[in-house]
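Please open the model in your viewer and keep the selection tool at hand. The stops below say what to select next and what is to be found there.

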Amino acid sequence: MDEKEIKALVKAIDQLLGDPLRADARELETLFAEFGEGRNPAQSIFDLAARAAQQYRLEGSAVPAHVAEALKSVKKSLLGESMGALNTVDVINEALNPIYGPVREVSYAFRNRRERTQKDTDLLEKLSGEVKRDWTEDKEK
Amino acid sequence: MTSPSELASHLLDRLGIQGKPDLVQVAQRIGLRIVEVDAEAFDGSLVRALDGPKGIVAVKQSLREISRKRFTIAHEIGHYLIPSHRNLENVCTGGMIESWQKGLNKPELEANEFAVELLLPTRYVREPLQLNDPSLKTIGRVASQFETSLTATTLRFVSLTDLPCVAVWSEGRRARWYRRSDAFPFYLSKEILPCDGSFAYGLFEGSNAPDDFAEIPAETWLDRQDADRVVRVLEHSIGLPNYDAVLTLLQFELKDVGDEEDPPNIEDLDPEDFTVRRKRWPR
């Protein structure tokens, strides 16, 4: 592991846990179990952050910004800068673990399209609100 | 990164889907909901969470053919899963979906490629498509079975067959795009196609066309040089009046390499032909 990778890893741990004394118990209790022998430390941090994020989602809470940021930065160091570097297995694995809880941001890029009409824009705005909504209860029905 | 069709194939494997996929089931497993909407200017749209896998595929309610609705949904699932599409503008108008024009941008072509493999999985269509016996009738039966359009299924055939074949889509009396099989070595001049004399041209003129493959002069579809290199050309064209379009499947019998004229003897070549002082230039 080179110096740049080590720095990125340290930053990710810092983002995820901050001061260990003030860390969330859910994040802390799995920390030591993650760093087993022979494991890639970046992968361990990624798995830890992913598990924490999943736990928040299962509880219907929004994923805290520091966990989301840690996930993002470790993913970059694991996969390179481009999302295009993801392989098929990773892409499908990620898709098969969808989010049901509320989300904060949705893709709004359709606003820039020339073909848009006001009616279509309103329609897509409404759908964006639906994506942001918590689907947990719908899933349980 | 693997290809969009490999991604679709892997998704079907992981979901244990055999044969025709149930798109609602596929969508549910990957955090997508499908809704039909009263859209004005788009056929399909993907509204997605930026935080992770969650989103809605909106499909235009008024699309008449179920095959087009299915293709639109599969196309949007492609945008959802292909990693490099995550930050795209994702409203897809009719001309982008189920079209293979070179003018389309790469993400749209990739989403189409994904959709074809998702809807017509290679492993399940190879046999029913009868890849060694081209026939739009057979292709039509597979299209009905998998609820896909004749066009998409014909392209699937062309992409899988080992025979020299070409599918041509003409609209408004002009060839808009074509797809050739790996075994077909020439290019078509689509700017001047379909030519007078082809069954496709006749359909635009209001004539009838044979309801199966029929032989046609090679120059009808190929330039003279390429036409000299084929034994015969078979054409089957079908009019699609709803689109003011004609779908054509061409099958070629190529001359064996051994049938070509013998190359000139090396002693017959004029050395000056390879210098700036050459007197005769090839036309």
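Predicted model: local features only at pLDDT ≥ 70, side-chain atom pairs only at ≥ 80, totals over all residues.

**First stop: a sheet in chain B**

Residues are numbered from 1 along each chain as its sequence is written, chains are lettered from A and ligands numbered from 1 in the order in which they are written, and side-chain values use heavy atoms, with hydrogens and water left out.

Within this pair, show Trp169(B), which stands opposite Trp177(B) in β6(B). Then move to the hairpin turn, where two residues lie between β5(B) and β6(B) and Gly172(B) takes a positive phi near 55°.

Now extend the selection to the whole sheet, an open one of five strands in the order β6-β5-β9-β8-β7 of chain B, with antiparallel pairing. Its edge strands are β6 (174-180) and β7 of chain B, each of which pairs on one side only. From one strand to the next the twist averages 30°, where axes are lines fitted to C-alpha atoms, for helices over the stretch in contact, and angles run from 0 to 180 degrees between N-to-C directions.

Going along that order, select β5 (residues 165-171) of chain B together with β9(B), an antiparallel pair joined by seven bridges, in which Cys165(B) stands opposite Gln251(B) of β9(B). Helix α7 (residues 150-160) of chain B packs on the sheet, touching β5, β6, β8 and β9 of chain B, and its direction makes about 155° with that of β5(B); contact here means heavy atoms within 4.5 Å.

Next, take β8(B) with β9 (residues 245-254) of chain B, which run antiparallel and are joined by 10 bridges. Glu235(B) has Leu250(B) in β9(B) as its bridge partner. These two strands form a hairpin with four residues between them, and Asp244(B) in the turn has a positive phi of about 50°. To finish the sheet, select β7 (residues 214-216) of chain B, which three bridges join to the antiparallel strand β8 (residues 230-240) of chain B, with Glu215(B) opposite Leu234(B) in β8(B).

**Second stop: where chain A meets chain B**

Select the contact between the chains, which takes 41 residues from chain A and 41 residues from chain B. About 3,700 Å² is buried between them, of which carbon and sulfur atoms give 64%; buried area is the accessible area (1.4 Å probe) that two parts lose on being put together, summed over both.

How many salt bridges are there between chain A and chain B? The count is two, a salt bridge being a side-chain nitrogen of Lys or Arg within 4 Å of a carboxyl oxygen of Asp or Glu. One joins the side chains of Arg33(B) and Glu130(A), at 3.2 Å from N to O. Another is formed by Lys119(A) with Asp38(B), whose closest N and O atoms are 2.9 Å apart. Lys119(A) lies in helix α7 of chain A and Asp38(B) in the loop between β1 (32-37) and β2 (44-48) of chain B, so this pair joins two chains.

Technical notes: Pairing = 2+ DSSP bridges.
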